Each structure stands twice: as structure tokens, then as C-alpha cells.
Amino acid sequence: MGKIATKNELQKRGIGIPDMLCETCDFEEENANHLFAKCVTARSIWWNIFSWLKIPWQTNLDSLQEILDLIQNSPGAKTWKRHVHMIAIATVWRIWNVRNRRIFEGEGISVQKAVDLIKEDSFIWKLRSPPSLLRSPPSLLRSPPSLLRSPPQKPYVYLKNVCI
Ligand SMILES: [Zn+2]
């Protein structure tokens with residue numbers, strides 16, 4: 001994460017940054033951990049994603065690594081773990097995108113809109129996954145209707161909902 005061009009990293013590289021505060025909350029210095037894990041916007045987005053994935057949120061999560069570990073260590077089959085890993089990457093990417101839109105286009109988007117976009121990104125990325133990922137049964141796209149009524153321990157159901 002030290003490579004990402006947050007304000008503190010740019011300053012370390014000798015680039016003059018007039019305002020070190022986070023562009024999203026305007027409250028704390030912008031560094032990778034703040035931007036992706038501690039900022040109120042990032043936490044709201046993660047909370048929604050955890051809720052979508054039916055993974056219990058923990059308020060004491062203090063770093064992106066802790067958030068990713070919690071997602072990766074949540075119980076589930078191998079296929080499920082691949083899906084949540086992809087969703088976690090989509091979430092990090094979208095938080096970075098929200099920040100950049102605010103800085104470079106002067107355009108903020110709501111947490112709900114960001115969450116909707118993460119769900120869309122995850123679904124599109126899933127469709128573009130290598131065939132080996134899609135082959136693992138039950139496939140996202142070939143799930144029989146009965147899976148739509150499955151309990152939360154079959155999280156691909158929620159992915160399926162994205163395209164409905
Ligand atoms: Zn912030």
C-alpha cells in the first residue's frame with residue numbers, strides 16, 4: 001500500500017502538497033490506511049459490503065489489512081473465498097476511484113452509489129473471470145432458481161442478485 005499515490009506518499013517523494021487533509025472527510029491526513037480503512041466514507045462503504053456479504057462487521061478494525069483478513073478468513077467454500085476476494089479488490093479500487101473523482105473532477109458520490117458500483121464491478125469482473133473460476137460448481141450464472149432461496153452461507157446468491 002506504500003506505493004499508492006496518497007498525499008503522504010507524494011510528499012515523501014518531494015512533491016509539494018498544500019493541503020494534507022483527506023479530500024473525502026477533510027478531517028485527517030490522507031494516507032493509505034486512513035483512505036482505505038479509517039475514513040468515515042471508507043468505513044461506511046465497507047460496512048455496506050460486509051452487510052451484503054453477510055459477514056459480521058467488527059468496529060475495532062483499524063487497518064485495511066485487518067479488514068481484508070476478516071473477509072478472507074470468513075467461513076466459506078473455496079469458490080466463495082475467490083468471490084469475496086474479488087469483491088474486496090473491487091471495493092479498494094472503488095474507494096480509490098471515489099477519492100480521485102472528488103479531487104480531479106470535483107465530483108463526490110454517495111456511499112450508496114459507490115456500493116452499487118462495487119456490486120456492478122464485481123459482477124462484471126466475475127463475468128470476465130477465467131473459465132476455471134466459472135467452472136467451479138455451482139456457477140454464478142448457472143445456479144438453479146432454488147439457490148435464490150438458500151440461506152446466507154451460500155453467498156453467491158447475493159452475487160446472483162446483482163444481475164436481477
Ligand atoms: Zn477521510
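How many residues has helix α6, and what does it reach from its first C-alpha to its last? I looked up residues 111-127: α6 has 17 residues and reaches 24 Å, close to the 24 Å expected at 1.5 Å a residue. The expected span is 1.5 Å times one less than the number of residues. Helices are DSSP runs (H or I, at least four residues), numbered from the N terminus.

I note that this is a predicted model, where local features need pLDDT of at least 70, side-chain atom pairs count only at pLDDT 80 or more, and totals for chains, interfaces and linings use all residues. Residues are numbered from 1 along each chain as its sequence is written, and side-chain values use heavy atoms, without hydrogens and water.

I listed the buried residues of α6, among them Ala-114, Leu-117, Ile-118 and Asp-121. Buried means under 20% relative accessible area, exposed over 50%, partly exposed in between (1.4 Å probe, protein chains only).

Next, the zinc ion. I found Cys-22 (SG), Cys-25 (SG), His-34 (NE2) and Cys-39 (SG) coordinating the zinc ion at 2.1 to 2.4 Å. Cys-25, in the loop between α1 (7-12) and α2 (32-38), and Cys-39, in the loop between α2 and α3 (40-53), are 14 residues apart. Cys-25 is partly exposed at 23% relative accessible area, whereas Cys-39 is buried at 1%.

Last, phi. I found a positive phi, near 55 degrees, at Asp-26, which sits in the loop between α1 and α2. Lys-54 has a positive phi of about 60 degrees and lies in the loop between α3 and α4 (64-72). Most residues other than glycine have a negative phi.

Conventions
Donors = N, O, S within 2.8 Å, 3.2 Å for Na, K, Ca; no water. Helix = DSSP H or I, 4+ residues; strand = E, 2+ residues; numbered from the N terminus.
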